[in-house]
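These are my notebook entries on one structure. I went through it piece by piece and wrote down what I looked up.

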Amino acid sequence: MMNIPFPDLRPVTPEIIMTISATVLLILELIFKNKGVLAFIAVATAAVVLYTIPSSHGQTFGGMFISDTYSTYFKLIFMINLVLTILISLRYIQREKAEYGEYYSLLLFATSGMMLMASAKDLIILYLGLELMALSTYILAGIKRHDIKSNEAAIKYFLLGAFSSALLLYGISLIYGMTTTTDIYKIAASLQNSSTPSLPLLLSMILIAAAFLFKIAAAPFHMWAPDVYEGAPTSITAFMSVGPKAAGFAVIGRVFYIAFQSIQTDWTAILIGVAILTMAVGNILALVQTNIKRMLAYSSIAHAGYMLIGIIPGTQESMSAMMVYMLIYAFMNIGAFAIVILLEKGEELSDYEGLSKSRPLVAALMLIFMFSLTGIPPTAGFIGKFNLFMAAIKAGYTWLVVIAVMFSAMSAYYYLRVVMNMYMKEMKEEAAITPSPSLGLAILITVLMVFVIGIMPSVVIG
Amino acid sequence: MLPNLFFGYFAIVMVVLSLLIITRRNPVHSVLWMLVLFFHIAGLYLFLNAEFLAAVQVILYAGAILVLFLFVIMMLNLKEEITAERFIGEWPIGVALGISIIMLVYFALSKFIQGPVGQYTIEAINKETHTKTIGRVLYTEYLFPFEIASLILLIAIVGAIVLAKKRG
Amino acid sequence: MVPLDWYIGLSAVIFVIGVVGFIIRRNILIMLMSVELMLNSVNISLVAFSHYLQDLRGQIFVFFIITVAAAEAAIGLAILVALFKNKAAVHTDEITEMKG
Amino acid sequence: MDKYLLIPLLPLIAFTINIIFGKGIIKERAHWIAILAVLGSFAIAVSTLIEVLNGKTINYDVYSWIVSGSFKVTVGFLIDQLTAIMLIVVTSVSLLVHIYSVGYMHGDKGYYRFFAYLSLFTFSMLMLVMGNNLLQLYFGWEAVGLCSYFLIGFWYEKKSASDAGKKAFIVNRFGDFGFGIGVIMIFLTLGALHYTDIFAKVGTLQGQTINILGYNIDLITLIALLLFCGAVGKSAQIPLHVWLPDAMEGPTPVSALIHAATMVTAGVFMVARFNPIFSLSETAMNVVALTGAITSLFAATIALVQNDIKRIVAYSTVSQLGYMFLACGVGAYGAGVFHLYTHAYFKALLFLGAGSVMHAMAGELDIQKMGGLKKHMPVTYWTFLIASLSIAGIPGLAGFFSKDEILWLAYNHGTIGKIVWLMGTAVAALTAFYSFRIIFMAFHGKFRGTHEQEHHLHESPKAMTIPLIILAIGAISAGWVGIPAALGGSNAIAHFFEPVLGHPHVTAAHEEEFMVMSISIVAAIGGIFVSWIFYSLKPEIPKTLAAKFKGIYTTLWNKYYVDELYGFIIVRPTKWIASNILVAVTDGKIIEGIVNGVPQAIRNFGERLRKLQTGHLQHYAVSMAIGLFVILTLVLIAAGR
Amino acid sequence: MQIGYPILSTVIFLPIFGALWIFLIRRSSETFIKWTALLISLVTFILSIPLFSSFDKTTAKMQFTETHGWVPSWGIKYALGVDGISVLFVLLSTLLTILCVTVSWNSIKEKTKEFYAALLLIEGSMIGVFCSLDLFLFYIFWEAMLIPMYLLIGVWGGPNRVYAAIKFFLYTLVGSVLMLVGIIVLYINTGQGSERTFDMLQMMTTNYPYNMQLILFWAFFAAFSVKVPMFPVHTWLPDAHTEAPTAGSVILAGILIKMGAYGFLRFNMPLFPEATKAMAPAMMILSVIAIIYGGIICLGQTDLKRLIAYSSVSHMGFVTLGIFALNVQGIQGGILQMINHGIVTGALFLCVGMIYDRTHTRQIEDYGGVATVMPIYAAFFMVFTLASIGLPGTNGFVGEFLIILGGFTASKTLGVLSATGIIIGAAYMLWLYQRVFFLETNPKVQGHPDMNMREILTIVPMILLVLWIGIYPNTFLSFMDASVQNLIERINSVPVNSVSVSGNEKILSLITDTDTVIEVLK
């Protein structure tokens, strides 16, 4: 029997722990009636994983899996996203009668999918990780079986997701055809020296780009996001607006920055066009929304546009600026969604009228998140944008920053509309809220981080 | 000369079949045409001496997935389905898009040069029989993706239960 | 010997037919089948590449693609069933609850 | 705390005390504080006059007001001959008006406020006169304008009063606009604002020109004219005279003090003070002379037909001021100031007399409804008569000496002088005519008022008649100071002003002086005689004349339609522009249009984009395909080329 | 000149922590909230007095400086410091806030807790703007002040406060967002390689190439011209003023407007001298337009507050004229006029607020004969009217005269045109005063009580300041001498060797033509 060299599992331990606990949760789901315990275990796993990540640097599985500072940072974001989502959805899924044990395990599976994507050095692993995340997110989106909106969201997300992953596969197959390898670094090497004709390479690059841009909901491929974000349960919308988007950016960063190094000018040109289009679509359509979840969906599209500005220059600084922005965006966004969850009837903008009179504290929190999303100084949103714009200008994209800055000024209008409704409109009726300790904790964490990063940026910029 | 002829037949039939699949009014007909298509694909794999894959294709794709489709189709009331309009209002745009994309892809792939040749020559594979080599490589080099694939299947099961199982 | 370009051409044609099918057909099931079609076209090209490049990676990848396709089909149909329970709609233009 | 600083300070202290504690505590006893303050100032003014008489001029700075880079301005005092005389005029007339007002304003609910404003006015006038630099002059200039605004609009319930006050201030502001620019020009060209420095360096500017919008204008003429522009505003000369007649809305003592004796004469004082600048520019001198002459003629003609007693006296003030500028214009600054000095007394007397008539007639002003007041108000009649005789220029009285001096020096001043002299003599005749028109219509003949007015007629109380008498003495004796050499006098006042204002060289012999003098006497007596015929012998003549020359009569009656002209050219268009064009169009349409338009356009575009989001799954797939297609075509074509 | 405690930080953060402390107080104990707010603003004022008393007037260097590391990787330091130009504004802010607290004592009924907290937050960030020496810190305070001000106008304002608040917010944000890009470009071009910095003092010494200066000048101009407000971008001011509560419009008129002009003085002129010299004529033309346009439009106004708002457009036109005259008199006049305008227009709004609390109407025709009903109020309003039209003896005259003098030295025609401003000013203010205070007593005004002690105490300090600056302005002018002199030298010092800046020359050419975009991309 040939001895199968036992692969070095140290770099993969975080993923392993995550998947094991996910499966264990599936089993425990039968034993425990009270789903709180499952949530607690999920959070515990997240903590343990978070603890093991820093020490898991290295490559394994014959170069298919790499865990470096780049992937560690993204895994940190995934963990935060996971923990916060669990915290905000504990009481929520009871209220929405979507109280299934599998909810938490699916979350864990989705997060492990993202972690795989972040540290995939091989296109196959990348594809499988993407599919793992995508499939579990499709299910989570449609988890409110009885609600037609949730079903519709799931079916739309699924079909368009499948379509985009088919595009991705076709791109990968072409790359494989040209370089007989799916390892990113080897692809880069082979593309570098051999004078492979650019046309087929460009075609495959565009196809792969299309799939990733779909994942981060960038402009020409963003149409699914508003409907899915509105239809899916709010906690999952929060999860989706941060998790898959961050994973998408991780993958774009790695594939484009390393594999397609030789044709950087081409994909930069594409990304510039896409970034401007995304910011335009995100901001302009958010202006005219009446449903707050749809508005936050468009705002997250707009933020994807801003983050693309981090990718375009392709310098080390702009990449790290994009990652920092993603972290800050995670806090702001989940915080805002947490408030939407807190309010029992908080989906329509008109539900927020006079909120400052009935629930002053809730109104104040929402105000902070809205101003942070706009990017007004004392909040973290500003630090994120400032860091991003500085990196972009340093790399010579001042004109792009001017456009981005104009759009972010325009974004102030629809964020302020929420504040306007809360503070400057008369109260129709007392707004009911469903407070719960975990939701409170989540909001506390997000608000604290928004202010701490806002005032002490060196926490994040270090 | 023979292989070209052989390939020509397969190519034409497969294109015709896939066109049929997407144009039949009755979904059951589409599924059946798809079955025929899968058999041809399996044949092509054999032609490309990937016997194991041909088998997998037939068993898994034709057997499992299409059957699943049939079960779901049984749920629809076919009579209403047949009379309903097949294509969306903007189908000419779709077709035009399809044609233009195919032209673009051909234009791009016309200068396609294949990458460097690996060391798994056809003789080596035949010597060690295709299934054996795939098995060996699968469980040594590609163990990790294999594990992830298993997870994906697990998710599929969980998802199906969560979404579709009749809850009490 | 059949040149590789023909295989690529064939898979490209089937792929595009899959895309067109996905875009045009109103019935969700047919859309699912078009996606399967696209995946199969990719499989063909991968197997062709692995044959001509004398490298097994392509076939392994096809193997995984098939598993993912299966999983996808399962989940897609599960969602469709859940949707069907709430609203007897199987056509895409009947499920436009959320828009604007 | 040297005594010179006390002069302006006392009225200021009186003002602050009255204004703060007036309403609550002082109420009716406000006049004591005000009068004491003015009395103090008057005493110090007299002592300074004595000091100046024996040759001492005071020039020191109290404290540095504004220091900004090279621009240094202080609050300081320069007391020389000119200032000493002005101090006496201001403080004495102010004192008398204060005393008069005790009677006149008795029982008015704003009593304390009136006296507070009077003290503030005295303070500002003293600061104006005593200043040793241009900016302090400007400070006094505007402060005096403010007090006239307060005092004219004293009875603010009346719309006409508050309108008159506002009009006075804004018209003055037009003058101050030119004056301010003059001050700046002086600073920029000479680098300092102190009189001593200016007069020392002004010679260097000789002949320099400055380019304004393409034309080079002689620098000194420009500066002189700009300063004169301020004087025109303050002393109500031709273009900016419209506010003085309306200023009669204010209480009569105000008119006496401000619109006769002190404020309006500030213009003359300023021209006299800057005689070194004016005398360097021939054109400026002519402009001043001509403006003065034209204004005096213009005002005199209007005064002929007016029926309101105070309006007539007001127009006579404008005309007499014209006289003073005429004097300055021909270089006879000393004569101008001398006329200012004499005019202050008899004009104040005329106003206060009119005030006491009004007091007796219960506010009635129209001389056509008066008549035969001689027997009811002997003191007022006699003092009024003396004043009229003096203004007409009857020899022996003050008016004659100062007016004759001006006419004589004008006559000597070449061709312009001759023209101006002729106009001056004509004005003298007209002045005599309308002054005695008041006498005959108001005091002679039989009473034409209502019955109950008649039995209400009584002589004004002591507080009002004493100032009248003192002023009458002044009206007589003031002239004796300047009896010309031709009549054997020492012309002390001319020599007194010599060091500050200089003295024009006189070419013609004594005979010509007698000829000029006799002509002016004939003009005066003729004027009185004609007025006697018109208004006491055959009263119907004026009516027939007025009927025959209908056109001329109405233009004169409507003051040459100047008010309507300004209203039409300036006031109405600005208001119209403000409300219709600026508020409605530029701000409303253009800027607001853009500011609201852009977000609205974006929102409409958003609404249309929103329609693209149809919720239809296929459309999303189509858009993805199109996106892919577009990127493909762009990149492949770019790469393909 | 160091004082025992870090004076600037205390003056900034005392109100901010005070605001947070007010948030913690129970909502119902309203009087306690009001008294704490008053106490905090009073203590801040008292703490800021040493700035006035022990300020060293001879040097132009920054005083009371404090620097602590903040974000080392970006080279951002928490640097505070005050010089001749900014010290007076700090004092003005602390003083005006006290008056705002007292004036809105019983006019703000609902949500008083948030009101006073917002007021103190505004005060803190305003002072922060004036004292920060680090461009990043400056921008943080500049934008942080937007949120509470937006809420102040939007929540406690008049009928269509919502529109006015959003307009105010968007106007300022669009401008300041462009400034942000300018700040970043500046940051990249200051200092070499790793130790790039936001420190203003260092920026003042580096000479940037001319076309970069021009573009940055316009970037900063965008933010500051909106704040001033200069002519074309002024339409937010009347809306914001008419709709803001009394305290809001006092703070808005008193301090917020000054930040724009202060920005020109602190950033545009020292950092981009050639660009300033090139652009000065254009700026002066805009200012003269603002003076005349603002003045004439006041004649057409029917709303009391709107008229005063437009009058501040005209006054700020004078300020910008003074500043861009680029000579000692002009700039000193400009700065002094900013202080005067803060006092006078602030006081005018206080008075309008008081009368509004009684009659609840702002239409001028609803007034008339107020002088008979409220003589003391009429007297106080008269003093401020006179100061507003620049009567000598009041503070308005000193400022305006210096500005017209400076303007005249810079360009004769503009000097003359700006001088017409004083006529128009007299016209609309006196006409306003006549319509409101004189003529017959309007029934709406009948029977209202005259000013009570609280109101008088609010107004008296302003009267004293008006007269103090009018009669003895040197106390204030002497503050600015050294700094203005230094500023003028900096502007006129033509850079001998315009240091070649690290390869970012290309960045700027980007903006001018697009084909280099591709070239840079490579």
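**Entry 1: one residue in chain B**

I began with Ile125(B), which counts as buried because it has 22 C-beta neighbours inside 10 Å. My cut-offs for burial: buried means 20 or more other C-beta atoms within 10 Å of the residue's own, exposed means 12 or fewer, partly exposed lies in between, and C-beta atoms are placed from the backbone. I note that this is a predicted model, where local features need pLDDT of at least 70, side-chain atom pairs count only at pLDDT 80 or more, and totals for chains, interfaces and linings use all residues. Residues are numbered from 1 along each chain as its sequence is written, while chains are lettered from A and ligands numbered from 1 in the order in which they are written.

Ile125(B) sits in helix H6 (residues 122-127) of chain B. Helices (H or I, at least four residues) and strands (E, at least two) are DSSP runs, numbered from the N terminus. I then listed what Ile125(B) touches. Leaving out residues up to four places away in sequence, I found Tyr120(B), His130(B) and Thr133(B). Contact here means that the C-beta atoms of two residues, placed from the backbone, lie within 7 Å. I also checked Ser100(B) against Ile125(B): 25 residues apart in sequence, 40 Å apart in space, C-alpha to C-alpha.

**Entry 2: domains of chain B**

Chain B splits into domain 1 (1-86) and domain 2 (120-168). Such bounds come from an automatic or database domain assignment. How far apart are the C-alpha centres of the two domains of chain B? I read 22 Å. In the contact between them, 4 residues of domain 1 of chain B meet 4 residues of domain 2 of chain B. The domain 1 side has 2 nonpolar residues, 1 polar and 1 charged. For these classes, Ala, Val, Leu, Ile, Met, Phe, Trp, Tyr, Cys and Pro count as nonpolar, Asp, Glu, Lys and Arg as charged, and the others, Gly among them, as polar.

**Entry 3: which chains touch**

Which chains have the most contacts between them? Of the 8 pairs of chains that touch, it is B and C. That contact takes 60 residues from chain C and 69 residues from chain B. On the chain C side, helix H1 (4-24), helix H2 (28-52) and helix H3 (57-86) each supply at least two residues. H3(C) gives the most, with 21 residues. By class I have 45 nonpolar, 9 polar and 6 charged residues on this side of chain C.

Next I took chain C against chain A. The contact uses 32 residues from chain C and 30 residues from chain A. H1, H2 and H3 of chain C are the elements giving two or more residues to the chain C side. H3(C) has the largest share, 15 residues. The chain C side divides into 23 nonpolar, 4 polar and 5 charged residues.

Chain B and chain E share no contact, and their closest C-alpha atoms lie 23 Å apart. Chain C and chain E do not touch either, with nearest C-alpha atoms 25 Å apart.

**Entry 4: the hairpin in chain E**

Strand E1 (residues 63-71) and strand E2 (residues 76-82) of chain E run antiparallel, joined by 6 bridges. Pairing requires that DSSP finds at least two bridges between two strands. Thr67(E) has Ala79(E) in E2(E) as its bridge partner. The hairpin has 4 residues between the strands, and Gly75(E) takes a positive phi near 75°.

**Entry 5: chain D and helix H8**

I counted 26 helices and 4 strands in chain D. Its C-alpha atoms fill a box of roughly 115 × 65 × 60 Å along the principal axes. Of its 641 residues, 56% count as buried.

I checked the length of H8(D) (residues 219-234). At 1.5 Å a residue its 16 residues should span 22 Å, and the end C-alpha atoms are 23 Å apart, which agrees. The expected span is 1.5 Å times one less than the number of residues. Is H8(D) enclosed or open? In H8(D), 14 of the 16 residues are buried, so this helix is largely enclosed by the rest of the structure. Ala236(D) follows H8(D), with a positive phi near 50°.

**Entry 6: chain A**

Chain A has 19 helices and 2 strands. Of its 462 residues, 69% count as buried.
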